[in-house]
Each structure stands twice: as C-alpha cells, then as structure tokens.
Amino acid sequence: VTIARGCDNHCSYCIVPYVRGKERAHSSDFIIDSVRKLVNEGVVEITLLGQNVNSYSCDGADFPDLLSRVSQETDVRRIRFMTSHPKDLSNKLVDLTASEPKVMPHIHLPMQAGANRVLKRMGRVYTIEHYHGIVEYIREKLDYVCLTTDLIVGFPGETEQEYEQTLDAVRKVQFDSAFMFRYSVRPGTGAAQFDDDVAEEDKIRRLNKLISIQQEISRKRNQRELNQVRFSLVEGASRRDPGVMRARTEGNKTVLFKSDTVAVGSIVPVRIIEADAFTLHGQVEELN
C-alpha cells in the first residue's frame, strides 16, 4: 500500500527525486480505506510503502500515528513498512513497533556506507554514529528484531580506509541480511558529476569481500533461529520443490517446510530445525 510518492531527499547517487518529484502523501483515511479493501479481498499482510516512510506527514499525522491507526482500525493481521531513512527514523516508531503485535519485527534501514565523509558525499545527512545510535535503541526496545540494509561500495572518492570503515560498521551492527552493490553512474544524479575514480576491479574486489563477510554474519544470525517457533505466513510452494512450502517469518526470513495441508495465506507455527545464510528450514509445530 503506497502511502506517499516522490522524495524530498537528494541522495547524490539516486535519480528518484528527479523522476518522481517532491514527496506527496496520501491521507490516513485513504490509506486505511485501501487496507480495508485488501483485507476484504483476503489479504493477510500488508506493507506500507514509501521512498522514505519516516517522513510521512499528512493532516497532522506522522508515520507512527498512521501505523497505529492502520493497526487499530483495520483487521489486517500483519503490517510491514519500508523504506526507512536513518535521518528520520524516530524513537516513537521503534516504541510502536515494540508494543504493537501487528507490526512485524523487521526494520530495513539503509546504511549505504560506514565512513562519514562518504555519507556526506552521498547526501545522506546523518553520521555513522547517529546510525549506530538508532540500532542500539532498536535492539534495546525489541527483544527480537531483524535488521536489514542497503550498502554501496566504490562510491567516488571512497578510499581503502573508508571502505574498511564500512566493513567495520557491518561487523558492529550484525545485519540479518543486506542488499549490496558496487557504485555505478546514473546520468542526471549529483554523483554523476564526480570523478568515478575507483577502478572497476577495486569495486568488484570490495563488493566480493563485503558479500563474504555479510554472508557469514547472516549465517550466524540465522543460527539464533534454531529451535525457535516462528509464526510464518505461507506464500506458496518452493520454487525448487513443489512438495515443500515457502513461508515468511515475523522477521521476514524465508522458511521452507514440508506440508500437504497448509493453505496459502495461512499463518502457521514453524519450529526452525536448520538454517544457512539465506534460508531457514523447519517443521510445522502442533500447539497445545
């Protein structure tokens, strides 16, 4: 469910503000009505979407206010949101996520880089110290949460030392997973005016090392899921094996399990029995 279109941020690598214009928010009533219609059609889980959901503002309501109304005034069973911008993510939103059972414990929080000079050139308008502060508050308030992120390596002017700062930040935060990219020029963006001075082979090397480090972190994070029961939304059959079902946990992790009785759209308790860096494997649990 789209809550706003456009973006008022001008990250130097991003074309969105130029092609979609300034941020324009839908009213809370319009969004709630949209969710109700989807629920009436059988939808179990919705995701509130915006280029930066945290900057949502309409008729005196901010994003936590909207999230609270959707939780209380609709019969949707599960709610997610993305994408969050670190400069706008508030303690109020974290507190609501911790207290409202319908809001799933998954926060996608793009970090992009771990060096303050690179973040400034990216136009991200926050420091890595501010980012770590948000993460600390999230983990303090939520007993269980999955954190995911976006990362770019090889941004114009990024030194080896600054690249290592990104690796250090990744090790410190311990993301559950990450979307990782090497920088590429997008015509029309601010960064397109910079000298693309990081060699392609260095970009590839940096990206491959980052991926390797994050995959090991993801594997370790997923080991914490072992023997836990996760209430998982059944999405359909596994792409590789039609006899295996695919579902999504509260933390937005993919879990596979064998069953010929569960229906798509149902939420079932799944005990996690195996885990690798990408996928959980489990078995449907019988609850007393």
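Predicted model: local features only at pLDDT ≥ 70, side-chain atom pairs only at ≥ 80, totals over all residues.

Residues are numbered from 1 along each chain as its sequence is written, and side-chain values use heavy atoms, with hydrogens and water left out.

**Cysteines.** Cys14 counts as buried, since its relative accessibility is 18%, and Cys146 counts as buried at 1%.

**Overall form.** I took helices (H or I, at least four residues) and strands (E, at least two) as DSSP runs numbered from the N terminus, and on that basis the protein has eight helices and 14 strands. The radius of gyration, taken over C-alpha atoms, was set against the globule rule of 2.2 Å times the number of residues to the power 0.38. The value is 20 Å, close to the 19 Å that the rule gives for 288 residues, so the protein is as compact as a globular protein of that length. I also recorded that the C-alpha trace spans about 60 × 45 × 35 Å along its principal axes, and that 51% of the 288 residues count as buried. With contact meaning heavy atoms within 4.5 Å, 71% of the contacts between residues at least 6 apart in sequence join residues at least 24 apart.

**Cores.** I used the definition of a nonpolar core as a set of buried Ala, Val, Leu, Ile, Met, Phe, Trp, Tyr and Cys residues joined through side-chain atoms within 4.5 Å. The largest one holds 63 residues, and Ile3, Leu48, Phe63, Leu67, Val70, Phe81 and Tyr131 touch the most other members. Helix α6 (residues 128-141) gives the most to this core, with six residues. Apart from it lies another core of eleven residues, including Val234 and Ile272. Returning to Tyr131, I listed its contacts without residues up to four places away in sequence, and among them are Pro86, Leu109, Met111, Val173 and Phe175.

**Strand pairing around β10.** Two strands pair if DSSP finds at least two bridges between them. Which strands flank β10 (residues 229-237)? Five bridges pair β10 with β13 (residues 267-275) in the antiparallel sense, and Val229 stands opposite Arg271 there. Four bridges join β10 to β11 (residues 244-248), again antiparallel, with Val234 opposite Ala247. Six residues lie between β10 and β11 in the hairpin that they form.

**Backbone spots.** I found a cis peptide bond joining Met82 and Thr83, with omega of about 5°, and placed Thr83 in the loop between β6 (78-82) and α4 (91-99). Val125, in the loop between α5 (116-122) and α6, has a positive phi near 60° without being a glycine, and counts as exposed at 64% relative accessibility. Gln174 likewise has a positive phi of about 60°, sits in the loop between α7 (160-173) and β9 (177-182), and is partly exposed at 24%.

Note on methods
Buried < 20%, exposed > 50% of the residue type's maximum accessible area, 1.4 Å probe, protein only.
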